[in-house]
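Please keep the sequence and the structure in view while reading.

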Amino acid sequence: MQPLRSSTAGEAPSGLPPGSPGPAAIQVSRIMRPDDANIAGNVHGGTILKMIEEAGAIISTRHCNSQSGERCIAALARVERTDFLSPMCIGDVAHVSAEITYTSKHSVEVQVHVHSENILTGAKKVTNKATLWYVPLSLHNVNKVLEVPPIQFAGKEQEEEGKRRYEEQKLERLETKERNGDIMLPVINPDRQRKEPFTVGFSQSSLIHLVGPSDCTMHGFVHGGVTMKLMDEVAGIVAARHCKTNIVTASVDAINFHEKIKKGSVLTISGRMTFTSNKSMEIEVFVDADPFVEEPQERYRAVSAFFTYVSLSKEGKPLPVPQLVVETEDERRRFEEGKSRYLQTKAKRQAEMQPLTQQ
């Protein structure tokens with residue numbers, strides 16, 4: 001990332017009194033360039049996810065090293081559901097603000113807000129809100145998780161709310177691990193002439209990536225933002241193959257980082273369509289790692305998530321999405337599970353909007 005500005009705010013974030021351990025807040029800004037966007041000029045969701053993770057990694061690593069003791073780097077463990085509230089375009093400036101909102105003994109919660117600014121008109125808008133969880137890993141022993149310096153809360157209620165979020169994400173991570181046995185065979189140069197349009201097999205896609213030094217932290221393990229950007233690229237290919245229009249990322253369900261990925265590993269990022277509504281597509285993405293360069297071992301599941309995309313016209317208006325054609329019992333089961341997630345999210349969004357309409 002080539003930041004135009006990176007600063008630490010002079011005041012503590014909301015809810016944290018002055019003098020709290022660790023940095024108050026940070027903001028990183030960068031102008032969006034053509035290589036950040038798709039052919040329609042919309043910035044890739046993966047580019048924004050990468051910026052979000054970089055800001056989270058900076059502030060959480062600073063905080064975890066704010067007291068004397070063993071030095072560490074904060075490693076990304078989970079990203080909660082992230083909605084892309086408004087598209088960002090080439091020439092816009094992205095302002096990414098991050099603050100620490102909760103700490104447990106071994107983890108840090110970072111909340112990030114992204115605003116886009118049109119520097120010609122001065123207009124600004126919120127594009128993303130995200131919550132990330134990090135764990136501090138020792139610089140000398142990557143398998144050693146260190147303790148996190150506590151933050152001071154303005155009141156007991158704020159601390160209890162943070163603890164509730166912490167317990168919820170722990171439970172959801174355990175539930176996600178149950179899906180990790182699901183196999184998605186990589187599809188390299190598939191014979192699409194033999195696959196029916198709008199089927200899972202027609203749009204399913206894979207990407208192979210060799211992890212190099214520029215992808216990694218000082219530990220020699222992949223940055224979470226690099227992985228998320230690759231996942232978004234694969235999900236975008238699946239979505240574009242399905243509807244053959246301009247597509248943009250609408251949201252990302254919780255991204256769980258199950259295992260670390262070491263430099264020299266070969267990643268297989270695989271994506272498949274699981275569900276379509278009238279105007280959205282859900283794509284399941286897995287990241288499998290083959291760490292065969294230094295310490296050969298069996299391929300393992302490193303990351304998993306669900307991405308939601310929408311189809312847009314040349315004018316940027318939402319288009320109807322061709323309905324997914326399911327052919328097997330497994331595809332039908334995944335479709336119903338995706339439908340359940342879609343309806344739950346829709347109900348939650350309506351419940352959040354109701355108090356606003358009553359004001």
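The sections below take up the strands, the aromatic rings and the salt bridges in turn.

The model is predicted, so local features need pLDDT of at least 70 and side-chain atom pairs count only at pLDDT 80 or more, while totals for chains, interfaces and linings use all residues. Residues are numbered from 1 along each chain as its sequence is written, and side-chain values use heavy atoms, with hydrogens and water left out.

**Strands around β6**

Helices (H or I, at least four residues) and strands (E, at least two) are DSSP runs, numbered from the N terminus. Two strands pair if DSSP finds at least two bridges between them. Strand β5 (residues 93–103) runs antiparallel to β6 and is joined to it by 10 bridges, with A94 standing opposite S116 in β6. A hairpin is formed by β5 and β6, with 4 residues between them. On β7, 10 bridges likewise connect β6 in an antiparallel arrangement, and V112 has A130 in β7 as its bridge partner. The hairpin of β6 and β7 has 6 residues between the strands, and G122 in its turn has a positive phi of about 85°.

**Aromatic rings**

The structure holds 6 aromatic pairs, counted where ring centres of Phe, Tyr and Trp (its six-membered ring) lie within 6.5 Å; planes under 30 degrees apart are stacked, over 60 edge-to-face and the rest tilted. Among them is the tilted pair of W133 and Y166, 5.9 Å centre to centre with 50° between the planes. This pair links distant parts of the chain, since W133 lies in strand β7 (residues 124–138) and Y166 in helix α2 (residues 156–177), 33 residues apart. W133 is buried at 2% relative accessibility, and Y166 is buried as well, at 17%. F275 and Y342 form another tilted pair, 5.5 Å centre to centre with 40° between the planes. Because F275 lies in strand β11 (residues 266–276) and Y342 in helix α5 (residues 329–357), this pair ties together parts that are 67 residues apart in sequence. F275 is buried at 6% relative accessibility, whereas Y342 is partly exposed at 30%. One aromatic cluster is made up of Y102, W133, F153 and Y166.

**Salt bridges**

A salt bridge is a side-chain nitrogen of Lys or Arg within 4 Å of a carboxyl oxygen of Asp or Glu, and a search of the whole structure finds 20 of them.

| Salt bridge | N to O distance |
|---|---|
| E172 and R78 | 2.4 Å |
| D83 and R81 | 3.1 Å |
| E282 and R341 | 2.8 Å |

E172 lies in helix α2 and R78 in strand β3 (residues 72–79), so their pair ties together parts that are 94 residues apart in sequence. E172 is partly exposed at 36% relative accessibility, whereas R78 is buried at 1%. Together with E80, residues R78 and E172 are linked in a network of salt bridges. E282 is buried at 6% relative accessibility, and R341 is buried at 18%.

How values were computed
Buried means under 20% relative accessible area, exposed over 50%, partly exposed in between (1.4 Å probe, protein chains only).
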